[in-house]
Amino acid sequence: MAVCVESAPRTLYDKLVDAHTVRSLDDEAREVLLYVDRTVLNEYTSPQAFTGLREAGRPVARPEAALAVVDHVNSTEPGRAEDRNAASRDIQMSYFARNCAEFGIELFDLFHRQQGIEHVVMPELGLVLPGMVIAAGDSHTTTYGAFGALGFGIGTSDIEHMLATQTLVYRRLRNMKIEVTGGLPLGVTAKDLIMAVISKIGASGANGFAIEFAGSTIEAMSMEGRMTVCNMAVECGARGAVIAPDETVFAYLSDKPRAPKGGGLSAALKHWMSLKSDPGASFDKTVQLEAREIAPMVTWGTSPDQAGPITDTIPDPEREVDPVRQRDYRKAIDYMGLAPGLPLADIRIDRAFIGSCTNARIEDLRAAATILKGRTVATHVKALVVPGSSEVRRQAEREGIARIFTEAGFEWRQSGCSMCLAMNDDVAAAGERCASSTNRNFEGRQGAGARTHLMSPAMVAAAAVTGHLCDVRTLGGGDAD
Amino acid sequence: MPTEPFICRTAHIAALPAANIDTDVIMPKVFLKGVDRKGLEAGVFHDLRFDEQGSPLPDFVLNRTPWDKSEFLVAGPNFGCGSSREHAVWGLLQLGIRAIFTESFAGIFFDNCARNGLLAVELNADKIAFLTSLAEAGERVSVDLESQNISAPQGEITFHIDERRRRMLMNGLDAIGMTLEWREDIAAFQDAYLTTYPWLAPQ
């Protein structure tokens, strides 16, 4: 008698891993050889990988599956293009150019029209497609989950492995579902949502997990918002965050230069629409949030989970029962130069920064500009805006957003990672306090001794004009037209 | 690149009990400007180890006797979170660190350890507390990867890592070389894959 075997319902994450499994490396298929569709390389995590290939005499398996972008170490000064020799003087940028030339990889260097932050450039070119596996030498590669792709960060040894073999030795993660329902209140953004998630589950809450974000709040979210959410999933430990692709994704891809067109697109769309978790697929952990309970968030400490709604006060470590957490809170509050009980909205800032792969897309700049229109940056605040890509920069200039920033007193810069990790000259001084639209508030992240408060771009704008952390909801939009 | 094998080592163990020690703290950005793996020893925990003049800070555990000779770390949970920078692992190895024990590692850091022959072991809270007590007592401990056992005069504990990783650590194998032995499997997979999803094939 024939036995009809139905395969067990699978999550979207499991389907992506299964579809890319070349072979199992153990009996339970926990560890697999995983095929990688595409990668993006930067100048600071890739050099030793190329050196390794060269020393072993190994070619790059699929050079056309890689794009190289200069973003981490470069200047964002408006006049940087006038110094054509700057890149050749920089050892990382010049070695990057040599490697790309020798191994046949397309390079967006400092002077390329499409230069920008890797995780902003890849989507805007249409290089991130639903169903792909994309691994890259940057932890925020999780961004690509917004497209229903599995994106994750890897170290330099794995970059070398991937370039040489088009595969990675990959350990399968467990499945976590984060379901968010309802409409986000006015003034509350995707950034606040993901910060609320991280604050709820902790900086290691998703270690060993891939997250699937689902629910009506996520479904209603723009691509920019989804990218912000997936981008910061790594800040709670997730090495992969996916959202089932839908019409929002397909519409976004429809005018992107390198996305499939014509007959290829019809076949692709059919496949893309099938990319979702099966009904009844089991998740090892499920977290639920109500969007209406989320308020504008800010971090007060030195880990992304040390955060609260802007209406909160700095917590009192003495009230923490867990001794490790009590010590960590004390240390963080001390580093940040704050005191228990201080209202978050009373914290005076020295700097405002809008930028990074988390929040420097066009929608982010528009949101900040809405607050800045007709207002000026407080006299004691130095404010910087670094568009996510040269393309975003041009678009903002066309839309008149650039002028709103400059009239308000922000410096309008060229693209790059800039003050998110301060590998270039955009550094905060010791003791300086920065309202930042970035992703990490670690000790020393924006400069040795610098103090970072993470928040949404609109909240950074509100802090910039008032001179202190500020509830954007109390400010309202700037001048109406 | 083949790594240095790890079989059994005996050395001091230093405790870094804070949670969420991130790779920005392990290897600050000023040490990320090179194109090779050299000279990263100086960068490890730089802002915790040295003052602004570059003098060692006497209170930091790795500057104190006997922990300045440590080959092992017992650390707070979520060790190595944040940036993917493998420089953190290269620097720790250059400083002489050969094994790290914690309740949990961040994923990318954990993989970076495996690729470079740095033994990374997750243990439960009781075992971490035991190792922390040994560290604070200034004991030397023996870490044996053959028997997956950590011993000291006060007692011993066992640990378990997956067999493939254990074999690679003990033999110092070249991961890329191993994968390339499956190159025919990869080529066959790729042909089938690009046929199934033709819009992904080179145009």
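Entry 1, one helix. I looked up helix 5 of chain A, residues 118–125, and found it mostly covered, with 7 of its 8 residues buried. Buried here means 20 or more other C-beta atoms within 10 Å of the residue's own, exposed means 12 or fewer, and partly exposed is in between, with C-beta atoms placed from the backbone. Helices are DSSP runs of H or I with at least four residues, strands are runs of E with at least two, and both are numbered from the N terminus. The buried residues are A:E118, A:H119, A:V120, A:V121, A:M122, A:P123 and A:E124.

I noted the numbering: residues count from 1 along each chain as its sequence is written, and chains are lettered from A and ligands numbered from 1 in the order in which they are written. The model is predicted, so I kept in mind that local features need pLDDT of at least 70 and side-chain atom pairs pLDDT 80 or more, while totals for chains, interfaces and linings use all residues.

Entry 2, what covers the helix. I listed the partners of the buried residues of helix 5 of chain A: strand 3 (39–41), strand 4 (66–69), strand 5 (106–108), strand 6 (133–136), helix 9 (223–231) and helix 14 (390–398) of chain A. A contact is two C-beta atoms, placed from the backbone, within 7 Å. Just after helix 5 of chain A, A:G126 has a positive phi of about 85°.

I recorded 16 helices and 19 strands in chain A. The radius of gyration of chain A, taken over C-alpha atoms, is 22 Å, close to the 23 Å from the globule rule (2.2 Å times the number of residues to the power 0.38) for 481 residues, so chain A is as compact as a globular protein of that length. Its C-alpha trace spans about 75 × 55 × 50 Å along the principal axes. Buried residues are 59% of the 481 in chain A.

I read the bounds from an automatic or database domain assignment: domain 1 (25–80 + 88–172) and domain 2 (298–474) of chain A. Their C-alpha centres lie 28 Å apart. Each gives 21 residues to the contact between them.

I found 57 residues of chain A in contact with 49 residues of chain B. Helix 6 of chain A gives the most to the side of chain A that touches chain B, with 7 residues.
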